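Subject: Structure for you to look at

Hello,

Please find the structure below, followed by notes on what was found in it.

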2 protein chains.
Amino acid sequence: MYRLNVLYNQPTDPAAFDEYYFNTHIPLARKIPGLRHVSISKTEGLDGSTPDIYLVTTLDFDSKEAFGAGLGSPEGKATAADVPNFATGGVTMLGAELVTEDFN
Amino acid sequence: MYRLNVLYNQPTDPAAFDEYYFNTHIPLARKIPGLRHVSISKTEGLDGSTPDIYLVTTLDFDSKEAFGAGLGSPEGKATAADVPNFATGGVTMLGAELVTEDFN
């Protein structure tokens, strides 16, 4: 599997981010051909502080080739073009080979 | 579910990191009581560059309480104490509520 790790920094307005992200952006992303698995986790500092990263999303594809094809599709381009509409704190996208994924 | 997102920065010696991480650290981590699911992805820049973050690991527990109990256990403390032995580039740990996890 090939994973896109998406790290969203703290947005200027978290409630507005959430509203747009879950109701507009993720539905767009789910249309990307070849997308197999989605996880979204909302962070908090282990010591009660507010971390720089607000949300961590993983998007899994069968292979790097499938990921490339998905991103290059009209749906992939529409999803990428939508990111500036809500990611007011900035975002880091990391392609990654998924080397381990199992129940413990 | 409650997730610990662990973001390892580029280590000084990636081969030495991998050797220690997969053969010593992860076996230690897998002993943490309540750990349900593990994923590890090794990153690459989408444009061929080397990203600041080298490896992204997720460790899932049934709840925030189970996560706290696991981290507070002798196995959790041993795992945390082991991190400086290999994380030569530094590490960011983000506790997070897993709000979405599904097949697309």
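Helix axes here are lines fitted to C-alpha atoms over the stretch in contact, and angles run from 0 to 180 degrees between N-to-C directions. Helices are DSSP runs (H or I, at least four residues), numbered from the N terminus. This is a predicted model, in which local features need pLDDT of at least 70, side-chain atom pairs count only at pLDDT 80 or more, and totals for chains, interfaces and linings use all residues. Residues are numbered from 1 along each chain as its sequence is written, chains are lettered from A in the order in which they are written, and side-chain values use heavy atoms, without hydrogens and water.

In chain B, helix α2 (residues 64-72) packs on helix α3 (residues 74-82) at about 70 degrees, with the axes 4 Å apart. α2(B) is therefore roughly perpendicular to α3(B) (65 to 115 degrees). On the α2(B) side, G70(B), L71(B) and G72(B) meet P74(B), G76(B) and K77(B) of α3(B), where contact means heavy atoms within 4.5 Å.

The whole structure has 22 aromatic pairs over all chains (ring centres of Phe, Tyr or the six-membered ring of Trp within 6.5 Å; planes under 30 degrees apart are stacked, over 60 edge-to-face, the rest tilted). One of them, Y21(A) with F22(A), is edge-to-face, at 5.3 Å and 90 degrees. Y21(A) also pairs with F86(A), at 5.5 Å and 55 degrees, so that pair is tilted. Y21(A) lies in helix α1 and F86(A) in the loop between α3 and β4 of chain A, so the pair ties together parts 65 residues apart in sequence.

Regards

Key: Helix = DSSP H or I, 4+ residues; strand = E, 2+ residues; numbered from the N terminus. Parallel < 35°, antiparallel > 145°, perpendicular 65-115°, else oblique.
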